[in-house]
Amino acid sequence: MSNLEIGIAGVAAALVLIAIRVPIGLALGLVSIAGIGIMFNMNVAWGMISATPFDYVGQWELSAAPMFLLMGFICSSTDMTRGLFLALRLYLARLPGGLAITSVGACAFFAAASGSSVATASAMSRMAVPEMLNNGYDRGLATGTIAASGTLGSLIPPSVLLILYGVYAQVSVGQLFMAGFLPGLLSALIYMVMIMVRVKVTPSLAGTVEINPTPEERREAFRDVWPLPTLILVVLGGIFSGIFSPTEAGALGAFAALVIAVVRRKLTRAALFEAVTQAVVSTASIFIILIGSLFFTRFLALSGFPRAFSDAILSVSTETWWILFAVAVIYLVLGMLIDSIGLLLLTLPILVPLVNEADINPVWFGIIVIKLLEIGLITPPIGLNVYMINGALNNRVTLPEIFRGITWFLAMDLLTLIILIAFPILTLWLPSLAY
């Protein structure tokens, strides 16, 4: 077998192993070691194992990921979103689908403070879904709103996926954060408009919500709104103004979340232990996948597969629309089977050379990729956010009901994707102001 044939066989073997539920990092690592051993010898493969992981994982930029994860889990475990949710609820509940719109807004704020879709969906599902169900909301709409809005954590900075893309593709993480801001807000706005239109057409979807707050209740609700806006101002304000690098902002954000939790007297030992444990487990799983993908990158580069893949795509057409169409098909198909982080790190070794060859703006392309990954988070049969909500609610709402509820949100995601492709300025305007 030629090296290229070994590379093609390795890609197929990796997909098969992932499909049978072998952990992604392990699958990529095993395929890479075996492939390099076949192409050269096992001494070369073992040499890669001994030297590569530390050199890559030790990069300074990657330390931003565990810091933002810790910040998000501290916010979740200390109930930092409740005050904001209650305040939005008082002022938006009278709109058609007001509680669902409130949930989208609260998810957007929480996403901007956590950088994690899973943390956003987990925190908001325990708070917002029971509220909607108790007020007669359609079960699919209630759970679908949180499942879809939780994906905003992938795009609204600080995003762990944007950090991983930036480090891997050698793109400024700060630029990616600024580029993701407007598309994230656009996604949230389109969700809100869609909810209002659906409920206006079919009022029974939202039940009957009777909220008549007194002036004292309004003042009381706003007394606990400040934690998330303060945290967002510290983190994003520092990044966008150039005062902090994303890595420094991650560390400062985690510290600020601790301080806010202490000031609010919410930082118990149990809450701190839960936040740290979740952050450590999430970081470990991400880094295992990252190391496996690094091995996979070396294996594919030695086999010549990325170059052959680029030539095959560009031989059909060199137009940007064709390349984006091919990439979208890859992500929409694989997104049904593989979680977002694993899919990102599995495909970047193949797609980054293609993007460089086609001279596509890597910042714009990165936002398109993250939006495609957002769609994968709620697409059956995997739909990680769907399973997260189902577990958080102890199966109070079944998986089919949740998947039914996200259908309209998937349509809105595709609309947003088309807008982002048609108007690159939405992703490049803010970065151009700062760089």
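**Figure 1. D311 and its partners in a charged network of the predicted model.** Let's start with D311, which is partly exposed in this predicted model, at 36% relative accessibility. The side chain of D311 meets that of R307 in a salt bridge, with 3.7 Å from N to O. Both residues belong to helix α15 (residues 305–316), where they sit four residues apart, about one turn of the helix. Through shared partners, R307, D311 and E357 are joined into one network of salt bridges.

Figure 2. If you look at R139 itself, you will find a partly exposed residue, with a relative accessible area of 32%. For context, the count of salt bridges comes to seven.

**Figure 3. Helix α9, enclosed by the rest of the structure.** How many of the residues of helix α9 (residues 160–169) are buried? The tally is 10 of the 10, so the helix is largely enclosed by the rest of the structure. At the start of α9, look for S159: one of its side-chain oxygens reaches to within 3.3 Å of the backbone nitrogen of L161. After the helix comes Q170, which has a positive phi, near 60°.

**Figure 4. G97 in a loop between two helices.** This glycine is found in the loop that runs between α5 (82–92) and α6 (98–114). Is G97 buried or exposed? Its relative accessibility is 2%, so G97 counts as buried. Beyond its neighbours within four places in sequence, G97 is in contact with Y137, I195, V199 and A206. Y137 is 40 residues from G97 along the chain, and the C-alpha atoms of the two are separated by 8.5 Å.

**Figure 5. Where domain 1 touches domain 2.** The protein is divided into domain 1 (1–58 + 289–303) and domain 2 (59–267 + 304–433). The contact between them takes 22 residues from domain 1 and 20 residues from domain 2. Taken over C-alpha atoms, the two domain centres are separated by 31 Å. Together the domains bury about 1700 Å² between them, with 73% of it on carbon and sulfur atoms. Zero salt bridges are found across this interface, whereas five residue pairs are in polar contact. On the side of domain 1 that touches domain 2, the elements giving two or more residues are α1 (3–19), α2 (24–39), α3 (42–57) and α14 (269–303). Of these, α14 gives the most, with nine residues. By class, this side of domain 1 has 15 nonpolar, five polar and two charged residues.

Note on methods
Residues are numbered from 1 along each chain as its sequence is written. This is a predicted model: local features need pLDDT of at least 70, side-chain atom pairs count only at pLDDT 80 or more; totals for chains, interfaces and linings use all residues. Side-chain values use heavy atoms; hydrogens and water are left out. Domain bounds come from an automatic or database domain assignment. Contact means heavy atoms within 4.5 Å. Buried area is the accessible area (1.4 Å probe) that two parts lose on being put together, summed over both. A salt bridge is a side-chain nitrogen of Lys or Arg within 4 Å of a carboxyl oxygen of Asp or Glu. A polar contact is a pair of N or O atoms within 3.5 Å; within protein, one must be able to donate a hydrogen and the other to accept it, and residues adjacent in sequence count only if both atoms are side-chain atoms. Ala, Val, Leu, Ile, Met, Phe, Trp, Tyr, Cys and Pro count as nonpolar, Asp, Glu, Lys and Arg as charged, and the others, Gly among them, as polar. Buried means under 20% relative accessible area, exposed over 50%, partly exposed in between (1.4 Å probe, protein chains only).
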